[in-house]
Amino acid sequence: VSTQSTGRSHADMFVAGSTDGLVRVYSADTLRDEFARHGVPSHGRPTAACRATLPHFRRLTSVAVNSSDERLLTSGYSRDVQMCDLTTGQLLERFEDVHAGNINVLKFANHSPHLFATSSFDSTVKLWDLRTPGPSTATPQHTFQSDGPVVMCTFSSNDRFIMSSASDNEVRIYDVAQRTEHCRLQDRPVHREDNYTRAYFVNGDRFAVVGSCEQRTVRVFETDSGAQLRDVDVGHAVEVGDAENGTSTLCNYSYPNDQTIYVQSLRGHPSREFCFMALIKSYYPPSLYYMVEVDLMKREAWHERNELYI
């Protein structure tokens, strides 16, 4: 599974897509029951949790469901975006050549069912409104420019801001209404074009967590000023992780204190402030992944940057 999006009005349901282009709607409750009874299903094994199969999207990398759970957008290693009707499962429209490069991630706004953003390796984030008249809704509301290829974008919880994450730690926050750059996070580049960076809002959008695929640290920033507050060494978090200090892992392997691991992806915790989840990947052994929960209020989870606490 390469990507997923969760419904809002139907909390039990979620949409998952894979790189082979398969897009399906699942019941989380049914899937949880199946896992408890039979374990994780093998590849290709049918599951009763599947509620619908949606139109295929070749080389898929992202799916997004709107706030009314009526529309689904898909994108991937393509310049096109596909829109489906979630209530009928039918393909509604394919928006062609909306970027000059591949569209890695797209996101619907959290509150407006018509507003969405696309991020592309052409170094832009584009803001779209499905209510815009014209053929194929082909004219964006605005285009935000970055220096490097844009890996992803995300809306703040109140949809006031869009955060754009480009390669090598270039993270910018834009004001949606004003169509201006609010700030740029003060992160240091490592001068590698393949240092793909991902950033998400946390703690009611007051802070952002940033991870990159050529670094083992997660950085924490203030979203108002862009100032960096801390580094979190997720390799250290894995090594000391246990139930007592609030840090957990899904594996029992301890990494050496070097650069053999990196941050594949991360998210803010959905219900706990000052917590985030990180998916950690190892170069050796290459098949090993960690899912780590880090509590920012636990001092032992930190690689100290300065004396400022949040």
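With which residue does D80 form a salt bridge? In this predicted model, the partner is R94, and the closest N and O atoms of the pair are 3.3 Å apart. D80 sits in the loop between strand 6 (71–76) and strand 7 (81–85), while R94 belongs to strand 8 (residues 91–95), so the contact ties together parts that are 14 residues apart in sequence. The two partners can also be described by their accessibility. D80 counts as buried because its relative accessibility is 13%, under the 20% limit. R94, with a relative accessible area of 31%, is partly exposed.

The count of salt bridges comes to 16. Another of these pairs D147 with R172, and here the closest N and O atoms are 3.2 Å apart. D147 is found in the loop between strand 12 (142–145) and strand 13 (150–155), and R172 in strand 15 (residues 170–175), so this pair links parts that are 25 residues apart in sequence. D147 is exposed, at 60% relative accessible area, whereas R172 is buried, at 10%.

R172 has a further partner to meet: a salt bridge joins R172 to E181, with the closest N and O atoms 2.9 Å apart. E181 is partly exposed, its relative accessible area being 39%. Through shared partners, salt bridges connect D147, E170, R172, E181 and R184 into one network.

Turning to the cysteines, the structure holds 0 disulfides. C50 is partly exposed, with a relative accessibility of 23%, and C213 is buried, with a value of 12%.

Note on methods. Residues are numbered from 1 along each chain as its sequence is written. This is a predicted model: local features need pLDDT of at least 70, side-chain atom pairs count only at pLDDT 80 or more; totals for chains, interfaces and linings use all residues. Side-chain values use heavy atoms; hydrogens and water are left out. A disulfide is a pair of cysteine sulfur atoms within 2.5 Å. Buried means under 20% relative accessible area, exposed over 50%, partly exposed in between (1.4 Å probe, protein chains only). A salt bridge is a side-chain nitrogen of Lys or Arg within 4 Å of a carboxyl oxygen of Asp or Glu. Helices (H or I, at least four residues) and strands (E, at least two) are DSSP runs, numbered from the N terminus.
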